[in-house]
Amino acid sequence: MRFSGLRVLKEGLTGNRGWTAHWRDPEPKPAYDILIIGGGGHGLATAYYLAQVHGLRNVAVLEKGYLGGGNIGRNTTIVRANYGLPGNSEFYSHSLSLWEGLEQELNFNVMQSQRGVLNLFHSDGQRDAYVRRGNAMVNQGDDAILLDRDGLRKRVPYLDFDNGRFPVQGALYHPRGGTARHDAVAWGFARGADSRGIDLIQNCEVTGIDVANGAVTGVQTSRGAIRAKKVGIVVAGRSSQVAAMAGMRLPIESHVLQAFVTEGLKPVIDTVVTYGMGHFYISQSDKGGLVFGGDIDMYASYAARGNLPAVEHVMEAGMALMPMIGKARVLRSWGGIMDMSPDGSPIIDKTGIDGLYLNCGWCYGGFKAVPGSGDCFAHLLATGRPHPAAARFRLDRFRTGVGIMDEEGTGAQHNLH
Amino acid sequence: MRITCPLCGARDRREFYYRGAALALERPAPDAGEQAWDDYLFLRENPAGETRDLWYHANGCGAWLVVRRDTRSHAVLEVRLAGEGAQ
Ligand SMILES: Cc1cc2nc3c(=O)[nH]c(=O)nc-3n(C[C@H](O)[C@H](O)[C@H](O)COP(=O)(O)OP(=O)(O)OC[C@H]3O[C@@H](n4cnc5c(N)ncnc54)[C@H](O)[C@@H]3O)c2cc1C
Ligand SMILES: [Zn+2]
């Protein structure tokens with residue numbers, strides 16, 4: 001089934017009876033060439049690129065719940081390529097370029113909206129840091145514009161520019177950044193992978209990883225044993241638990257990140273704004289809800305819900321930055337489990353076990369990474385060699401101290417990112 | 001979340017700074033080797049369930065505390081002073 005304007009028109013006129021299911025619901029086969037554990041954004045994108053780029057179809061994705069029920073369906077959907085360090089810089093740049101062709105490639109409306117991202121600065125020092133970052137972005141081939149106060153005021157007049165403590169001085173503007181519909185990204189990749197012959201197996205929890213003579217031979221699941229030559233772990237906040245099934249300990253701590261949405265409002269915020277003096281960022285969804293969030297709660301958690309101090313901080317920061325939002329009513333809040341790495345950057349690498357591969361450490365920023373991570377992980381799984389855009393996402397960088405990617409400059413320590 | 005400091009009583013989570021796994025108390029010898037330091041600094045058990053972590057009562061008495069917690073429910077099970085050899 002292909003989507004097109006004509007098709008939508010035809011279905012609309014004929015009672016929408018011609019739409020079919022987007023993917024099959026297959027029984028697991030006894031063996032595959034490659035198994036992907038985790039049917040989130042990254043797992044589904046990996047499956048898609050394995051088929052599309054490498055022609056590998058004897059592949060299954062094993063998902064313990066339903067497709068898109070994890071963080072891919074819980075995030076605040078910001079897409080950007082405004083990282084400053086080698087490693088992250090080329091990777092997010094690659095991912096953003098894949099985003100830009102994604103809807104045509106998948107024949108699926110992921111509602112990508114390049115509405116721009118504004119990172120505000122409130123002091124001379126912060127401005128200088130953003131000038132440096134902006135130059136890094138331009139050097140990596142992406143776009144960055146430094147806006148002064150007047151330029152910024154034209155774009156977002158509703159900020160409290162003359163705030164007594166943290167006056168807004170300007171912003172680093174990244175026009176190609178923006179948002180997308182999170183569920184649609186999972187669905188689009190799922191449909192693309194399924195239609196190329198990959199089995200997407202839901203309600204299938206991996207409970208064990210079989211290893212013999214230092215090589216992976218398959219997995220145990222709630223739906224029986226499945227053999228495979230290669231296995232990729234892509235389970236976000238559950239990475240430590242699944243890796244433990246193969247006797248590994250990871251440089252990962254799981255934390256909760258919360259997000260909030262208000263009742264639907266008429267269009268008011270037509271871009272993404274991030275505050276420079278508190279943990280707060282905001283955009284408006286196509287349904288009209290103001291979608292916003294802040295930092296992680298800052299303690300290890302698998303609860304997928306947070307505590308009130310983080311809620312309070314986000315609300316206070318929002319009120320300090322744009323007092324108008326005090327009139328909006330918060331409708332819902334929720335949390336997701338983040339796979340936090342010590343330096344805040346991800347891992348896409350082999351493990352010490354032959355045929356077992358790892359994709360994790362996305363912290364609170366893995367949505368924008370979905371196409372790039374899928375492409376690079378598929379490359380690693382198919383060829384055994386790292387994709388050039390992800391070659392620095394090494395698992396051993398903490399042990400060796402070589403190639404740490406600490407964007408915040410706070411040190412590679414678990415509780416600092 | 002409230003944490004009962006053995007010295008100050010039950011206090012709001014805001015008063016405490018989170019340091020991470022209580023493994024931080026088991027610092028290896030300087031020459032213990034790369035693997036021991038990797039274990040200590042970076043590798044984590046990261047359990048979904050009972051965990052022991054280190055909190056600092058920053059806006060209270062200034063004691064380091066070992067807190068036994070359930071990461072699935074945020075329930076605080078036990079709090080002891082790190083200085084008294086709580087392991
Ligand atoms: C509140 C919030 C806001 C965020 N905002 C942004 C943002 O604005 N921009 C951005 O770039 N990123 C954001 N993120 C981060 C982003 O959502 C994640 O980094 C990303 O979704 C993680 O990758 P994933 O999609 O593959 O994870 P998930 O969707 O969590 O997929 C992992 C899957 O693995 C499955 N699984 C786990 N264990 C097993 C098992 N044993 N067997 C089988 N399957 C298993 C899970 O059920 C799950 O479906 C945010 C996250 C949250 C929670
Ligand atoms: Zn105290």
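Student: Which helix and strands of chain A each supply at least two residues of the shell around ligand 1?

Tutor: They are helix 2 (41-52), strand 12 (253-264) and strand 16 (330-340). Helices (H or I, at least four residues) and strands (E, at least two) are DSSP runs, numbered from the N terminus. Strand 12 gives the largest share, 3 residues. Before we go on: this is a predicted model, where local features need pLDDT of at least 70, side-chain atom pairs count only at pLDDT 80 or more, and totals for chains, interfaces and linings use all residues. Residues are numbered from 1 along each chain as its sequence is written, chains are lettered from A and ligands numbered from 1 in the order in which they are written, and side-chain values use heavy atoms, with hydrogens and water left out.

Student: Which residues come nearest to ligand 1?

Tutor: A residue is near a molecule if one of its heavy atoms lies within 4 Å of it. Of the 38 residues around ligand 1, the nearest are Glu63(A), Asn71(A), Thr76(A), Phe367(A) and Lys368(A).

Student: Which polar side-chain atom lies 2.8 Å from a nitrogen atom of ligand 1?

Tutor: For a polar contact, look for a pair of N or O atoms within 3.5 Å; within protein, one must be able to donate a hydrogen and the other to accept it, and residues adjacent in sequence count only if both atoms are side-chain atoms. Here the side-chain atom belongs to Thr76(A). Backbone atoms take part too: a polar one of Gly41(A) is 2.9 Å from a ligand 1 oxygen, and one of Gly366(A) is 2.9 Å from an oxygen of ligand 1.

Student: Now the metal. Which residues coordinate the zinc ion (ligand 2)?

Tutor: Donors are N, O and S atoms within 2.8 Å of the metal (3.2 Å for Na, K and Ca); water is not among the atoms, so sites may look incomplete. In this model, Cys5(B) (SG), Cys8(B) (SG), His57(B) (ND1) and Cys61(B) (SG) coordinate the zinc ion at 2.1 to 2.4 Å. Cys5(B) lies in strand 1 (residues 2-5) of chain B and His57(B) in the loop between strand 4 (50-56) and strand 5 (64-70), so the pair ties together parts 52 residues apart in sequence.

Student: How many helices and strands are there in chain B?

Tutor: Chain B has 1 helix and 6 strands, in the order β-β-β-α-β-β-β from the N terminus.
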